[in-house]
Amino acid sequence: MGTFITFPELLLWLPLLAGIICFFIKDIKIVKAIAFTGSLLVLGVALISLLYTSKGYLTYNAVNYLWLQNLGTSFYISLDGAGRILTLLTAVSFPLIFLSTYKNNYKNAGAFFGLMMLAECGLMGVFVAKDALVFYFFWELALIPVYFLCSIWGGEKRIQATFKFFVYTFLGSLLMLTGIIYVYLHTGPRVFEDAVVSLHSFSLQSFYTATLSEGEQSWLFWLFFIAFAIKMPVFPFHTWQPDTYDQSPTPVTMVLSGLMVKMGLFGVIKWLIPIFPLAVPKFTNIVMILCIAGIIYASCIAMMQNNLKKLVAYSSIAHIGLMCAAIFAMNEMSLQGIMTQMFSHGINIIGLWIVVEMIEQKTGVKHMSELGGVAQKAPVLTIMLVIIAFANIALPLTNAFVGEFMMFAGIYQHSVWMAAVAGIGIILAAVYTLNMIQKVFYGNTNEITATVTDISFAQKLALGLIVAMIFTFGIYPQPMIDLAKEAVASLVAS
Amino acid sequence: MNAILLSAIWGVLMMFSGVFIKSKTTPKYLAVAGILLLFIANALELNVFNTGSLHFNIDTKEMLNINSFNLTFIAVVLACTLLFFLLNGRDVEKVGEHVGEYFALIFFVICGVCLAATYNTLLLLFLGIEIMSIPLYILTGSDKRNLKSNEASLKYFLMGAFSTGIMLMGIAFIYGGNPNGSFFINNIQMGEGSMPVMIAVGLVFMIIALSFKVSAAPFHFWTPDVYDGAPTVFTSFMSTIVKVAGFFAFVRLFENSFGKVQSQWQNLIVFITVLTLLIGNITAVFQQSVKRMLAYSSIAQAGFMMLAVFALNDRAKEGLLLYSAAYSIATIGVFAVLIKMNDYTIEGFNGLGKTHSLLALCTTVFLLSLTGIPLTAGFQSKFFMLMAAAENTGKFWLVIVAVIFAAISAYYYFKVIQAMYFKEPGVEVIDDKEITGSFKIMLAIAAILIIAIGIYPELVVGWMYH
């Protein structure tokens with residue numbers, strides 16, 4: 001193995017390479033071009049890898065390098081199931097992000113785009129890692145570039161906001177590290193190809209078969225879950241999120257809300273539920289109640305919000321809450337739903353942030369009460385926003401509908417009243433989303449919005465692509481569902 | 001063996017070099033050459049040792065025990081000292097008139113470190129610790145016209161002498177209580193049963209004395225003042241190399257003499273570990289001066305290294321080696337940058353990322369390593385320590401406590417990073433003349449080393465098993 005380049009490797013090294021090159025280049029145009037091309041190449045790799053999904057192509061999709069053998073770990077990465085969907089999402093998102101913010105000028109652009117690409121590398125690593133230590137490495141590495149991005153290029157209160165974010169997630173992941181060590185010490189021995197034997201093993205597979213009593217699983221569950229819950233974030237671990245989203249530069253907010261939250265969901269799916277099968281049933285209800293409480297809580301705050309960015313942030317908490325609840329409902333329907341929804345949510349929220357960014361750029365304000373009548377000045381933007389907003393509240397014919405429907409069906413199977421309460425969240429989502437459209441886009445123009453112009457070509461292109469994806473997967477969701485089915489199947493198998 | 005002899009000889013040589021060499025800049029080169037020589041000699045010995053045939057062997061009547069573990073440790077110490085000389089050679093010259101003597105004293109410290117790493121009897125432990133400490137008292141006070149330096153020196157000397165007394169008493173108790181009547185650490189080896197009272201008292205005295213040397217709480221009170229008062233170059237040296245040597249001696253004694261009765265003294269070590277982590281981390285949070293912050297952070301890091309004494313297994317030994325390398329390189333690096341600053345407060349670092357991007361980048365790597373972020377040596381060392389502590393069944397909560405404090409440590413290390421990158425530069429942070437090209441290159445090499453060890457810790461640990 002490892003004699004030729006494989007897909008998961010390309011997904012890691014390409015962004016890494018592009019990122020490192022970016023650091024050394026001063027000219028902003030060249031930097032943008034390199035970052036954009038790099039992200040397009042990654043997208044290409046991700047798309048081509050879709051053609052080689054079946055078992056017959058295993059050698060293209062997995063690689064295992066020797067690394068620290070006497071600890072029982074190796075650099076084992078592979079592309080499968082849920083990882084495939086999320087790497088695809090990551091690969092799709094970055095070109096969109098770069099495209100929609102093409103006009104933005106950053107001081108020290110080389111560092112900005114370099115860090116963005118490093119963040120992409122970190123995210124990819126999390127989604128392909130099949131070894132606990134590798135997983136932990138990338139889990140932390142995705143955080144560091146984002147921390148610097150937020151703190152250097154963010155808004156006024158950026159330093160406090162992002163530092164809170166950093167300490168929160170760092171504490172969470174360190175607790176997870178202790179959990180990893182504990183599970184590791186209860187795994188069986190590992191025999192490597194060259195006959196080196198280690199006492200324990202860090203590989204995901206041996207984590208699944210670790211001998212842990214129910215009592216041990218119970219507290220380990222929380223060590224892992226808190227790390228993931230902070231990342232998602234699930235109520236009550238969400239307090240870092242609205243401030244960070246508000247203060248970060250918009251491209252970074254897109255990465256945070258579209259992709260980094262998926263790290264938490266992915267962690268739960270891949271690294272929590274299968275490792276602690278005995279503990280999960282015990283805590284299913286607690287976690288689901290937390291999630292559903294979070295949905296209602298976040299939706300209520302979103303309705304009261306005047307700050308556009310915070311509104312989207314809280315709406316994101318509500319969506320993530322629903323997804324997390326669907327994971328813990330633990331039936332095939334909800335799992336397929338979550339797989340498709342992870343992809344759709346990423347696309348939709350990025351679209352939403354693009355619109356918010358444009359409004360803020362054009363008017364210089366982010367409070368809805370100061371806006372109004374943008375529709376008269378920017379009709380294209382308005383149409384795009386309305387479509388994305390409909391997708392955000394999961395109307396039929398949009399991509400989110402399929403996933404959300406399946407998730408609700410799954411939660412319903414688990415518990416009727418939970419589905420009912422979570423359903424209120426949908427109504428609330430419709431309230432605040434439509435309210436936002438009304439306040440910002442309709443009504444009379446005022447002196448702030450009077451000078452607004454419609455969007456540029458690059459932005460039209462980015463939004464157009466998103467809208468196209470929304471409709472494609474809304475009308476013809478089959479390919480996505482097939483991917484999701486495969487993911488769920490591999491999950492059940494393990 | 002090589003390192004012990006050569007360091008003593010080179011120390012004497014350096015001391016008398018002042019008679020012949022009048023130039024102020026020459027001793028620096030002599031010192032670098034000396035350390036290189038020591039390093040090569042030690043590497044040869046390590047190599048010879050690993051291939052099995054020991055070419056030259058002085059009969060020490062088994063008072064010294066040379067094995068691949070302590071030779072590797074000495075190699076790490078020598079490499080860090082070399083880095084220290086290359087980065088800070090020019091700054092040593094600025095401390096005072098007697099440049100050659102400062103280097104000579106450092107060579108004597110190295111000799112003490114090597115003794116403390118290879119001792120096989122309590123007497124040589126005592127000798128090693130003393131040879132290590134006495135030159136430090138002088139170095140601390142070497143800035144003769146600075147009142148703070150004098151105060152620090154006196155304080156260090158008084159407290160050090162006191163702890164030496166306690167250590168001697170401990171040795172006497174252990175010797176007296178031991179039916180074999182021997183100073184050899186292997187002969188003290190206790191059976192599984194409960195310890196005789198005399199030995200128990202001696203053991204507690206040894207813990208106190210060694211905790212003092214490695215500045216573990218509650219015996220840490222000298223540390224902030226001494227580290228703050230001493231000339232910054234020497235603070236850099238004594239908070240790293242000397243401290244990890246103290247830990248090495250600590251682990252060696254307890255592994256060989258008291259390993260079997262671990263359960264009887266382990267709780268005391270747990271208490272010291274938690275207290276050290278608590279005091280070091282919490283106090284560091286409130287510091288305004290980076291130098292003082294690093295002093296407290298060194299206490300906090302000592303808390304992590306105490307986990308090796310707590311665990312005493314193979315993983316802990318690997319962890320200690322890694323920790324020695326990771327912690328020393330990173331701290332020496334941060335101090336090297338700090339010395340060049342005009343202002344030692346955290347505000348002094350404001351905007352360094354804009355004015356001196358390479359310096360800021362390297363400092364960031366060092367600080368990330370001290371925090372324990374993956375891909376840096378600091379992560380691997382903390383990870384090995386946590387693994388070692390976790391393998392020691394029954395006290396998993398200690399691992400969780402340790403990581404919570406590691407998260408707190410992010411707070412004060414990141415304050416410096418925030419100042420460098422997210423704040424606007426103030427007045428003239430650094431005198432540009434001070435930043436030579438070779439300084440930058442050395443700093444970059446140190447940062448690359450940190451990352452290399454972070455990716456592949458076998459670079460350090462592997463030598464143990466060759």
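Let's start with chain B: buried residues make up 58% of its 466 residues. Buried here means 20 or more other C-beta atoms within 10 Å of the residue's own, with C-beta atoms placed from the backbone; exposed means 12 or fewer, and partly exposed is in between.

A word on the source. This is a predicted model, where local features need pLDDT of at least 70 and side-chain atom pairs count only at pLDDT 80 or more, while totals for chains, interfaces and linings use all residues. Residues are numbered from 1 along each chain as its sequence is written, and chains are lettered from A and ligands numbered from 1 in the order in which they are written.

Back to chain B. It has 19 helices and zero strands. Those are DSSP runs, numbered from the N terminus: H or I, at least four residues, for helices, and E, at least two, for strands. The radius of gyration of chain B is 21 Å, close to the 23 Å from the globule rule for 466 residues, so chain B is as compact as a globular protein of that length. That radius is taken over C-alpha atoms, and the rule is 2.2 Å times the number of residues to the power 0.38. The C-alpha trace spans about 65 × 55 × 45 Å along its principal axes.

Next, the contact between the chains. Chain B brings 21 residues and chain A brings 20. Contact means C-beta atoms, placed from the backbone, within 7 Å. On the chain B side, α16 (377–391) and α17 (396–422) each supply at least two residues. Which helix gives the most? α17(B), with twelve residues. By class, that side has 18 nonpolar, one polar and two charged residues. Nonpolar covers Ala, Val, Leu, Ile, Met, Phe, Trp, Tyr, Cys and Pro; charged covers Asp, Glu, Lys and Arg; the others, Gly among them, are polar.

Now a helix pair in chain A. The axes of α14 (residues 308–329) and α19 (residues 416–441) come within 11 Å and cross at roughly 160 degrees. Axes are lines fitted to C-alpha atoms, for helices over the stretch in contact, and angles run from 0 to 180 degrees between N-to-C directions. α14(A) and α19(A) are therefore roughly antiparallel; that label needs an angle over 145 degrees, with under 35 roughly parallel, 65 to 115 roughly perpendicular and the rest oblique. Among the contact residues are L311(A) and A318(A) of α14(A), and G425(A) and Y432(A) of α19(A). The contact residues divide into eight nonpolar, two polar and no charged.

Last, A46(A), in helix α2 of chain A. It counts as buried because it has 21 C-beta neighbours inside 10 Å.

Conventions
Two residues are in contact if their C-beta atoms, placed from the backbone, lie within 7 Å.
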